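This briefing is meant for a reader who is meeting the structure for the first time. Please keep the sequence and the 3D view at hand while reading.

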Amino acid sequence: MGDSIVLRAACVALLLASLQVQAQSTVYRWVDKDGKVQFSDSPPPADAKDSTQRRMGGGLVDEGQVPYATQMATRRSPVVLFVSDECGDVCVKGRALLNRRGIPFSERNAKSSPETLAELTRLAGGPQVPLLLVGDNAVKGYLEEEWQSALDEAGYARSRLPGQPGPRTQ
């Protein structure tokens, strides 16, 4: 009998460990008609007693789909892209690079407010766009090698994972 309890506990531990690998999962716990506790990813039968349901997985819904390196880099060095309506192809290329790498970023239009223009001027020494801000590191203009280097130094993943949705801009 002691061996079956150990075996059952090991099975539950494996089930829970495998569920944590998934981004978000639902685990059901219930007592069956014979008085045995059951765990499953499927809802319990109608005659189950004392059933509970738990969501397992990472905090934010999207966070489980973002590589760990990107999650950590985003906390340490958030990315802000300063643009303007006249920026044209250069801003499009910069935005495309961030999207290819799966990097969450906020985008600020230099002409959206006097405060945004003042911040851009302080960071770039003038109203020059695009400006990539990675944490405290401001990269003026768009040169792909410089942007890649700044993102690499901050610890961002080099590419988006297969199936990973594009980053959310704020």
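Two strands are said to pair if DSSP finds at least two bridges between them, and strands (E, at least two residues) are, like helices (H or I, at least four residues), DSSP runs numbered from the N terminus. In this sense β6 and strand β7 (residues 137-140) pair in the antiparallel sense over four bridges, and V134 stands opposite N137 in β7. This is a predicted model, in which local features need pLDDT of at least 70 and side-chain atom pairs count only at pLDDT 80 or more, while totals for chains, interfaces and linings use all residues. Residues are numbered from 1 along each chain as its sequence is written, and side-chain values use heavy atoms, with hydrogens and water left out.

**Overall make-up**
- The protein chain has five helices and seven strands, and from the N terminus on its elements run α-β-β-β-α-β-α-β-α-β-β-α.
- Of its 170 residues, 33% count as buried, where buried means under 20% relative accessible area, exposed over 50% and partly exposed in between (1.4 Å probe, protein chains only).
- Among contacts (heavy atoms within 4.5 Å) with a separation of 6 or more, 59% come from residues 24 or more positions apart.

**Around β6**
- In the hairpin of β6 and β7, which has two residues between the strands, G135 takes a positive phi near 65°.
- P130 lies in the loop between α4 (114-124) and β6 (131-134), and a cis peptide bond with omega of about 0° joins V129 and P130.
- Most residues other than glycine have a negative phi, and most peptide bonds are trans.

**Nonpolar cores**
- A nonpolar core is a set of buried Ala, Val, Leu, Ile, Met, Phe, Trp, Tyr and Cys residues joined through side-chain atoms within 4.5 Å.
- The largest such core has 19 residues, of which V79, L98, L132, V134, W147, L151 and Y156 touch the most other members.
- At least two residues of this core are supplied by each of β4 (79-83), α3 (89-101), β6 and α5 (144-153).
- A second, separate core of seven residues includes V80, F82, A110 and L120.

**The disulfide**
- With a disulfide taken as a pair of cysteine sulfur atoms within 2.5 Å, the count comes to one, formed by C87 and C91 with their sulfur atoms 1.6 Å apart.
- The torsion about the S-S bond of C87 and C91 is about 85°, so the disulfide is right-handed.
- C87 counts as buried at 10% relative accessibility, and C91 counts as buried at 2%.
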